Structure formats: C-alpha cells, structure tokens
Amino acid sequence: MNRQEIMKEATEWLKEEIITEDQFHKIVNRYELKDRSYLLFLFASLFIGLGFLTYVASNLHVIPHLVNLTIILLFMIGYYMIGNYFYRYKSTKVGLSLLIIGLFIFGAGIFLLGQMYHYSYLHAVPFLIWSIAAFSLFVIYKHPALFVFTVTVITIGQIYNGMNYQSFYWLLAIFFVAACLHYVYHEPNRLYSLLFGWSYLVQGIVFVIVSDHDYHIYLHIFLLLFIAGAILNKDRIKEEFQYVALLAGFVFTCFETIFLRYARIELDWIYFFLWIPLFLIAVGIQITRRHYMYLPSLLLFIPIAYAGEYSDYLSMLALFIVSLSWLMLGYRVEDMKKITLGSVTFLISTFIAYFHLAWAFLDKSIFFFIGGILLFLLGYFLERKRRELKHSEVADK
Amino acid sequence: MKKYAFYITVSLQALFLIGMASAFYLMDAFGEEIKLQTIPIDPQDPFYGDYLILDYEVERITRSEWDIDEELSYGDPIYLTLEKDANDIYQIKEVNQIKPKNKKNEVVLLAKYEWFDTFDNKYHVDLGLGRYYIEDNTGEMYEESGELLVTIVIAPWGQKKIVTIE
C-alpha cells in the first residue's frame with residue numbers, strides 16, 4: 001500500500017474515530033513518499049549509453065584509430081571513477097547510473113575497436129567479455145541493477161550468437177550458470193531467480209532453434225528448470241523457476257494443441273527415452289514432498305505428440321486439467337495470484353479448445369457469437385468466485 | 001579489498017581494449033600475409049553498421065580436397081592447409097581435424113565446419129573472416145567490383161585479420 005492509499009483509508013478511520021489524530025500521523029508517516037528522482041538518472045545513463053552505441057554504429061573512419069581508442073578509454077575510466085566516488089560518498093543512485101554508463105562505454109568500446117581493427121569472431125565473444133565486466137562490478141557493489149545488466153547482456157549475446165553464427169555459445173551459457181546461479185542461490189532476492197529463469201528459457205529456445213534437435217527437447221529444457229527449482233528448494237528459487245518452467249510448458253502445450261493436427265512430425269524416440277528419467281525425477285520429488293496438488297501441472301511436460309493421431313485432443317485435455325488444478329490450488333490455499341493465473345489459463349484453454357473443435361463445423365458468425373457468450377459466462381463465474389474470496393479475505397483481516 | 005577490486009576491474013577492462021588495439025598492430029610485425037579470392041555482398045548489421053560479407057573460394061571445398069571421414073556437425077573446428085598458386089593466391093590443399101605441421105609455402109588456418117551443399121557438391125566452412133567493416137554507404141562500390149582479392153595476416157598466436165581488399 002502506498003502513502004496516498006493509506007492516507008485515504010486513515011482519514012476514514014479518523015472520521016469514524018477508530019484512531020486518534022496522533023495515531024493518524026504516525027500511521028501515515030510510516031509510508032514515506034517514494035523518491036523516484038533516480039529514474040531520471042537511470043534514463044539519463046540509458047540515453048548516454050545508447051548514445052555511445054549509436055556512436056559505434058556510425059562511422060569513425062575520419063578520426064585516427066588511436067584517437068578513438070584514447071577517447072573511449074578516457075570516457076570509460078572517467079565515468080567509472082566519478083561513478084565509484086558518487087556511489088560510495090554522495091549518492092548510490094547517481095553513482096550507479098554513472099557506473100552503468102561506464103559499462104555501456106566498455107561494451108561499445110569492444111564493438112567499436114572490433115569494427116576499427118576488423119576483428120572477426122566465431123562466436124559472440126564481445127558479449128562474453130562485456131558480461132564478465134558487468135558481473136565483476138556486480139560482485140563488487142552487489143546492486144541488483146548490475147545483476148540485471150549482466151543477465152541482459154548474456155541473454156542478448158546468446159540471441160545475437162544464434163542469429164549471426166547459427167550456433168549456441170556454450171561458453172557464455174556456462175558462464176551464465178556458474179556465475180549467476182551462485183548469487184541466485186545465496187542472495188535473498190526473488191528478482192535474481194526470476195531473471196535467471198527467463199534468461200535460461202530464452203537461451204534454451206536459442207539452443208533448440210540453432211541445433212538439429214527434435215523440437216521436443218524444449219520439454220527437457222523446461223523440465224530441467226523445474227527440477228532445478230525443486231532441488232535448490234528455497235522458496236524464492238523454487239517458486240520463480242517453476243513458475244517460468246510451467247508457463248513455458250503451458251504456452252508450448254497451447255501451440256501443440258493448435259498445430260499438432262496440421263504438422264507432420266517425425267518423432268525420434270531417443271528424446272522420449274531421455275525424457276523418461278527427467279520426468280520421473282520431477283514426479284518423484286513432488287510425491288516424496290507430498291505436493292500432490294502440484295502433480296497435474298507436470299502434464300505440461302509430457303511429450304504428447306508421441307501419442308499419435310489423437311495427440312491434439314490429449315494436449316487440449318492437459319491444458320484443462322492443469323489450469324483447473326491451478327484454479328483449485330489457488331482457492332485451496334486462498335492465494336489471489338494463483339487464482340488469477342488459474343482463471344486466465346483456464347479461459348485461454350477454453351478459447352483454444354473451442355477454436356480447435358468448433359471452427360471447422362460452425363458457421364463463422366455463430367462460432368464467434370457462441371464463443372463470446374461462453375467466455376463471458378466463464379469470466380463472470382470466475383470473477384464472482386474471485387471477488388467472494390477477496391471479500392472473505394478482507395473480512396478475515 | 002573492495003576498493004582494490006574496483007580499480008583492478010576497471011584496469012582490466014582498459015587493458016583489454018588496449019590489448020585489442022595492440023594485437024592488431026603487432027600482427028603487422030609478426031604475422032604472415034596471404035592473399036585469398038572472394039565475392040562480396042553488402043548487408044547491414046544492427047551492432048556494427050555497414051560491412052561486407054566476404055565469401056572466400058577456400059571456404060568451398062570439393063570432395064577430393066576433403067580428408068575427413070567422420071561426419072561433422074555444424075560449428076566443429078577443422079584445419080585448412082593452404083598453398084600458394086602461380087598467381088601468389090592461396091588455394092586449398094587439404095583439410096584435417098587435427099592441426100597439421102606448417103610446411104614451406106603453406107599456411108594452416110582454423111575454420112568452422114558449416115554444412116555440405118548437395119547443390120554444388122561442396123563442403124562449406126567458415127574462416128571467421130567473413131565480415132569487413134567499411135564506411136557507411138560504400139558497400140555497393142565493393143559489391144559492383146565483383147570478385148575481390150583480400151590480403152589477410154595470420155599472427156603466430158592464431159589471430160587473423162584482413163589487411164586490404166582490392
């Protein structure tokens with residue numbers, strides 16, 4: 001709750017004489033006005049950083065190479081030094097912004113010198129060096145913004161490597177896991193786990209796109225993240241890793257439901273046999289920890305395409321079972337986030353199923369008309385149930 | 001300790017950039033120059049601006065020049081042995097998975113296997129010298145000039161760079 005909201009609420013309490021004037025001030029003063037001035041500095045650093053990158057993209061052949069090198073070095077060292085001074089003695093936010101500009105200049109420097117001196121690489125080496133520099137600064141300052149910067153550079157580097165070299169940059173991936181996972185595990189910050197999960201997912205997608213593997217290897221990638229979350233077994237890691245893995249599994253199953261009917265997939269059974277132990281581990285962990293309500297979610301990781309002719313119907317069924325299980329779990333543990341997730345995924349599942357089953361048979365206007373009514377009714381019931389729970393939560397408090 | 005760690009990190013970054021420049025100038029002193037034949041085209045790279053894509057003749061290898069029995073995957077490292085022809089241009093002599101010893105009038109280059117093209121019946125490899133950065137909007141000039149002769153320098157430490165394009 002922010003200061004404005006609590007002020008509005010507390011004014012009512014004051015009018016109803018629930019609290020005294022003194023208590024009113026004490027309550028309101030607990031919620032300090034948020035200082036958002038750092039956003040200006042953050043955008044300023046972003047703009048200057050982008051300025052350097054565009055400076056790289058434009059040509060500097062008119063200026064002698066060594067002059068360019070000197071300019072880059074002077075700016076980079078200057079920003080780092082002033083940034084470090086501000087961070088330690090004046091303002092953390094201004095200091096951090098300047099340090100980030102220094103990092104941008106270093107990255108731009110690698111690209112600019114690479115261009116000037118005609119460097120060619122077999123991989124996205126500049127991104128690896130850049131991410132190592134960003135990570136080193138993160139280790140020194142331990143500021144989340146530098147962790148975000150590191151993971152962003154690694155992720156973009158992997159995408160760039162995939163697009164330009166049509167390969168997966170293992171060294172970058174190994175650095176990502178070795179360096180970032182340590183801090184994901186030891187630092188009590190949920191953001192780190194979530195960022196790690198998303199970056200892992202994006203890198204996994206790049207891996208599948210550039211390799212010759214069967215598309216079902218996606219499920220192995222999702223399952224590995226899910227299992228990693230379970231094994232690391234800290235709430236902030238488990239929840240975020242499994243959230244990313246399950247969401248990816250859900251989107252994947254949606255695509256399967258839509259496209260399996262049209263796609264002719266040649267299945268390589270080796271992937272199926274590799275999948276079995278992973279899936280058994282995931283199931284085993286849930287059973288040994290007595291998390292039975294989480295078991296239906298694992299349906300999203302089953303390679304349904306191997307089921308053959310009716311696989312699209314089975315994937316549709318999986319979507320319904322999983323989204324309903326999320327909804328039920330949400331109501332059981334009375335968690336609004338889970339209920340919202342369950343409701344949204346249930347609506348998506350219904351829409352996909354309806355589209356998949358009825359599109360070919362019904363007249364198009366009737367199709368949309370009935371579809372609209374169906375979604376409206378579903379939305380109405382789910383929303384009513386959600387409101388009931390919210391009211392009961394408020395009443396309990 | 002953290003204070004020193006900061007200065008060490010910044011110094012290493014500066015040294016890395018200086019090293020990039022130094023290696024370039026040192027290659028001229030210690031490297032070996034060879035000439036290769038190419039055909040360029042001109043795309044745009046989001047991170048670098050204008051550059052030429054150079055398609056080297058030695059990156060297209062016939063079955064008779066290919067000495068590797070094993071089936072390779074995309075990206076596997078291979079070594080190309082090049083030898084000088086009568087026009088002082090280097091041509092492919094043999095291809096190996098293990099680095100062979102350098103002989104007189106021969107150079108060995110590290111390359112990356114890409115694929116076998118059934119259309120021209122040749123193995124495609126990548127030398128890692130496929131890009132040459134040029135001033136913006138000058139790509140067409142090179143493109144129109146057709147086949148180009150590229151002079152590259154190979155440093156004793158394995159690094160290679162393009163020196164001139166003519």
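Guide: Before the sheet, one term: two strands pair if DSSP finds at least two bridges between them. Strands (E, at least two residues) and helices (H or I, at least four residues) are DSSP runs, numbered from the N terminus.

Visitor: What kind of model is this?

Guide: This is a predicted model: local features need pLDDT of at least 70, side-chain atom pairs count only at pLDDT 80 or more, and totals for chains, interfaces and linings use all residues. Residues are numbered from 1 along each chain as its sequence is written, while chains are lettered from A and ligands numbered from 1 in the order in which they are written.

Visitor: OK, the sheet in chain B. What is the strand order?

Guide: The order is β4-β8-β7-β5-β6 in chain B. These 5 strands form an open sheet, and the pairing is antiparallel.

Visitor: Which are the edge strands?

Guide: β4 (60-62) and β6 (90-96) of chain B. Each pairs on one side only. The twist from one strand to the next averages 45 degrees.

Visitor: And what holds strands together in general?

Guide: Strands of a sheet pair through backbone hydrogen bonds, either parallel or antiparallel.

Visitor: Start at β4(B). How many bridges join β4(B) to β8 of chain B?

Guide: There are 3, and the two strands run antiparallel, with β8 covering residues 122-126 of chain B. B:Thr62 has B:Lys122 in β8(B) as its bridge partner.

Visitor: How many bridges for β7(B) and β8(B)?

Guide: They pair over 5 bridges in the antiparallel sense. B:Trp115 is bridged to B:His124 in β8(B).

Visitor: Which residue takes a positive phi in the hairpin of β7(B) and β8(B)?

Guide: B:Asn121, near 60 degrees. That hairpin has 4 residues between the strands.

Visitor: Now β5 and β7 of chain B. How many bridges there?

Guide: They pair over 7 bridges, antiparallel. β5 is residues 77-84 and β7 is residues 106-117 of chain B. B:Tyr79 has B:Leu110 in β7(B) as its bridge partner. B:Glu83 stands opposite B:Glu106 in β7(B).

Visitor: What is the bridge partner of B:Glu83 in β6(B)?

Guide: B:Gln91. β5(B) and β6(B) pair over 6 bridges, in the antiparallel sense. They form a hairpin with 5 residues between them, and B:Asp88 in the turn has a positive phi of about 70 degrees.

Visitor: Switching to domains. How is chain B divided?

Guide: Into domain 1 (1-30) and domain 2 (31-165). Those bounds come from an automatic or database domain assignment. The contact takes 5 residues from domain 1 of chain B and 6 residues from domain 2 of chain B. Contact means that C-beta atoms, placed from the backbone, lie within 7 Å.

Visitor: What about chain A and chain B? How many residues does the contact take from each?

Guide: 29 residues from chain A and 28 residues from chain B. On the chain A side, α4 (65-90), α5 (92-116) and α6 (125-141) each supply at least two residues. α4(A) gives the largest share, 7 residues. By class, the chain A side has 18 nonpolar, 11 polar and no charged residues. Ala, Val, Leu, Ile, Met, Phe, Trp, Tyr, Cys and Pro count as nonpolar, Asp, Glu, Lys and Arg as charged, and the others, Gly among them, as polar.

Visitor: Helix packing in chain A next. At what angle do α7 and α8 of chain A cross?

Guide: Roughly 160 degrees, with axes that come within 11 Å. Axes are lines fitted to C-alpha atoms, for helices over the stretch in contact, and angles run from 0 to 180 degrees between N-to-C directions. α7(A) and α8(A) are therefore roughly antiparallel to each other. The cut-offs: under 35 degrees is roughly parallel, over 145 roughly antiparallel, 65 to 115 roughly perpendicular, and the rest oblique.

Visitor: Is the crossing of α7(A) and α8(A) left-handed or right-handed?

Guide: α7(A) passes α8(A) in a left-handed crossing. Left-handed means the near helix is turned anticlockwise from the far one by less than a right angle, and right-handed means clockwise. The contact includes A:Phe147 and A:Ile154 of α7(A) and A:Phe176 of α8(A).

Visitor: And at what angle do α7(A) and α9 of chain A pack?

Guide: About 5 degrees, with axes 9 Å apart. That makes α7(A) roughly parallel to α9(A). The contact has 14 nonpolar, 5 polar and no charged residues.

Visitor: Last pair: how do α5(A) and α6(A) cross, left-handed or right-handed?

Guide: Right-handed. Their axes come within 10 Å and cross at roughly 160 degrees.

Technical notes
Two residues are in contact if their C-beta atoms, placed from the backbone, lie within 7 Å.
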